[in-house]
Every structure is written in structure tokens, then in C-alpha cells.
Amino acid sequence: MFKNLQNKTVLVTGGAGFIGSNLCEILLTNNVNTICLDNFSTGKKENISPFLNNPNFLLIEGDIRNLQDCHKACKGVDYVLHEAALGSVPRSINDPITTNDVNVSGFLNMLVAARDAKVQRFVYAASSSTYGDHEALPKVEDVIGKPLSPYAITKYVNELYADIFSSTYNLETIGLRYFNVFGKRQDPNGAYAAVIPKFVQQYINHESPVINGDGSYSRDFTYIDNVVQMNIKALTTDNKNALNTVYNVAYGERTTLIELATLLKNYLSEFDKDINTIEIKYRDNRVGDIPHSLASIDKAKKLLNYNPEFDISNGLKEAVTWYWDNLK
Ligand SMILES: NC(=O)c1ccc[n+]([C@@H]2O[C@H](COP(=O)([O-])OP(=O)(O)OC[C@H]3O[C@@H](n4cnc5c(N)ncnc54)[C@H](O)[C@@H]3O)[C@@H](O)[C@H]2O)c1
């Protein structure tokens with residue numbers, strides 16, 4: 001998979017974040033020149049500190065809202081993996097202006113800088129939130145609904161801009177609609193933490209995880225290694241028919257919140273048997289949450305040869321082991 005990347009330079013924006021740092025890690029492990037552009041707004045220095053002494057790694061501290069920073073980061077770059085954004089639906093509801101500045105204006109800056117630097121391919125983090133209020137399951141790429149949050153709008157606008165840059169400026173683009181990604185280095189802290197690291201941290205602290213709703217809502221939880229595989233396949237594919245479009249990135253199965261909380265409890269109990277007695281609590285549903293999410297991954301399998309190796313159980317076991325070693 002990495003043969004097309006030898007002697008190439010890949011820019012990972014948001015490389016100090018959860019997904020970005022995992023992408024930097026796999027690139028560096030395979031001796032690919034890797035540049036990270038990050039402003040550390042939600043990313044952390046500790047996520048990239050193991051890479052700082054690697055001669056193939058360059059950190060550029062900068063902001064995608066600043067076009068000059070984007071130009072600087074794109075200089076001499078062959079490929080971009082654009083991960084920098086402000087995630088979280090509730091954050092976008094609380095502060096739609098900053099979310100739009102980063103996720104839309106910052107995205108456009110990166111497209112312009114990539115175009116000007118004659119970057120070959122621009123692979124970017126899209127989102128399952130683009131399916132909005134469309135109820136059909138599983139989600140197929142061509143059928144989307146009305147966005148349900150400012151965040152969802154920004155991610156949909158990204159797809160529209162990428163499409164225009166492909167057709168107008170011949171920049172090769174691929175959008176990856178991630179579905180609830182989890183795994184090592186995902187931040188468990190803060191008001192906008194994702195459900196899996198938050199529950200893990202709560203169990204480790206012997207606190208009850210609190211489910212929004214009755215626990216019947218379900219998600220297509222996707223382990224980080226599947227996401228990394230998809231990014232590398234998108235970067236390196238020779239299939240011209242696979243370009244300038246979007247893909248679901250998921251495992252293709254759904255798990256309810258109660259199943260998730262129970263699995264986490266079982267796996268963490270192997271490290272600390274007292275966790276087995278912790279009660280799961282419930283509160284009202286959160287505004288804007290859709291009941292169910294499940295991806296069709298047929299398009300990615302067919303055009304990019306995507307073959308997700310980790311199902312939810314195997315992924316959770318890996319993640320829980322990492323959190324136990326790093327949070328405890
Ligand atoms: N984690 C998921 O389940 C999920 C699902 C769908 C889409 N996504 C998308 O994947 C991408 C990565 O998400 P993540 O979970 O790793 O989040 P994260 O918050 O861990 O990483 C985002 C990174 O972007 C950086 N960043 C934010 N604003 C920036 C700016 N103005 N300039 C430069 N850097 C900036 C942050 O400091 C951070 O390092 C995002 O685009 C997100 O919207 C994630």
C-alpha cells in the first residue's frame with residue numbers, strides 16, 4: 001500500500017488530533033515524509049511527541065484559518081490528508097461561527113493552498129452527519145437528507161467545495177464520511193468528548209456512564225485502524241474511477257448504546273473486577289441526535305478495495321487496553 005508514497009511528502013492537517021496522529025504514525029512507520037499542520041486547539045502535543053525526533057517528521061504550528069499558514073504547509077507536498085476541523089455537533093450548536101470559520105473557511109484555504117502548490121491528491125475528513133434527517137438504513141453515499149446541525153452543514157459544504165475544485169482545477173479529491181470513529185488517543189475529556197473514551201474514563205474512575213435516551217439508539221462504531229487503512233487506500237489508489245467522490249468509512253454493523261456500555265464494562269472488568277458492579281445510568285435524549293446510523297461500505301469495498309479488519313469487539317478490546325495503560 002505504501003509503495004506509491006516512497007519519496008513523497010504527505011501533509012496531515014490536524015495531525016496532533018486523534019485521527020490525524022494515527023495517520024502520522026502509520027506514515028512515519030512506513031518511512032513516508034510527513035508534515036503535520038496543527039494549531040493545538042483540540043489536538044495535543046503529547047499525541048505527536050513520539051514523532052518529533054523522527055527525521056521524516058516536520059511540525060508546522062499554524063492555523064488553517066490563515067491562508068499563509070496553509071501555503072507554508074503545502075509547499076513541496078504531494079498529498080494532503082485534511083483532518084483539521086472542529087468536531088462535535090453540540091460544539092457547533094453552541095458556537096456556529098467558530099465552527100464555520102474553521103470547517104468551511106479553513107477548508108477552502110486548504111483547497112486553495114493545495115491547488116496552488118500543485119498537490120496531487122487531497123483526501124479529507126467528511127462526516128456521516130451529512131446524512132442528516134434521511135431515515136433509510138444502511139446509508140448509501142448518493143442519498144442524503146437535510147443537515148441537522150451547523151457541524152453537518154460545514155461537512156456537507158466541504159464536499160461541495162471539493163467537488164468544484166476537482167472539476168474546475170483538476171485537483172484530485174476524495175471525501176471520507178467517517179462514522180463514529182474510536183481508538184487510541186481519542187480525548188476522553190471536555191464537554192465535547194466522544195462517547196467511547198468518555199465511558200471508558202468514567203468506568204476507570206468508578207463512575208456511572210450516562211446514556212442519553214433509553215440506550216436503544218445505535219451507531220456504526222468504527223475502529224481507528226479501519227479509518228487509517230481507508231485513508232491510505234484513498235491516497236494511493238491508481239483507480240481513476242475512484243477519485244473525486246465520497247465514501248462511507250465504517251465497519252458496516254450497528255451497536256446500541258446499551259450494548260456498547262455493556263461491552264466496555266465487560267472488557268474493563270478484566271483489568272479491574274470492581275468495574276463489573278458499576279451501574280449504567282440514563283437521561284433524556286440529546287437534541288439533534290438521530291436514532292440510528294449504519295453505513296453501507298459497498299462502494300469503498302468495490303472502488304478502493306477497503307477491507308475493514310476490526311469489528312466493534314476487536315476494536316474495543318484494543319482501545320480499552322490502550323486506555324487502561326494510558327489513563328490509569
Ligand atoms: N472522530 C470521529 O468520530 C469523526 C467522525 C466524523 C468526522 N470526523 C472528522 O475527522 C477529523 C478529525 O477528527 P478527530 O476526531 O481526530 O478530532 P480531533 O479534535 O482530535 O482532531 C482535530 C485536529 O484539528 C486541529 N485543528 C482544529 N482547528 C484547527 C485550525 N484552525 N488550524 C489547524 N488545526 C486545527 C486540532 O487541534 C486537532 O489536532 C475532523 O475533520 C472531524 O470533523 C471525525
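**Ground rules.** I number residues from 1 along each chain as its sequence is written, and side-chain values use heavy atoms, with hydrogens and water left out. Since the model is predicted, local features need pLDDT of at least 70 and side-chain atom pairs count only at pLDDT 80 or more, while totals for chains, interfaces and linings use all residues.

**Entry 1: threonine 99.** I found threonine 99 in helix 5, residues 96–116 (helices are DSSP runs of H or I with at least four residues, strands runs of E with at least two, numbered from the N terminus). Is threonine 99 buried or exposed? I noted 1% relative accessibility, so threonine 99 counts as buried (under 20% relative accessible area, with a 1.4 Å probe and protein chains only). Its side chain reaches the backbone oxygen of aspartate 95 at 3.3 Å.

**Entry 2: the ligand.** I see 27 residues around the ligand (a heavy atom within 4 Å). Asp38, Thr42, Asp63, Tyr151 and Val181 come nearest. A polar side-chain atom of threonine 42 lies 2.6 Å from a ligand oxygen, and a polar backbone atom of serine 41 is 3.1 Å from an oxygen of the ligand. The protein covers 90% of the 820 Å² of accessible area that the ligand has on its own (Shrake-Rupley method, 1.4 Å probe).

**Entry 3: who supplies the shell.** Helix 1 (18–29), strand 5 (121–127) and helix 6 (150–169) each give two or more residues. Strand 5 has the largest share, three residues.

Technical notes: Buried means under 20% relative accessible area, exposed over 50%, partly exposed in between (1.4 Å probe, protein chains only). A polar contact is a pair of N or O atoms within 3.5 Å; within protein, one must be able to donate a hydrogen and the other to accept it, and residues adjacent in sequence count only if both atoms are side-chain atoms.
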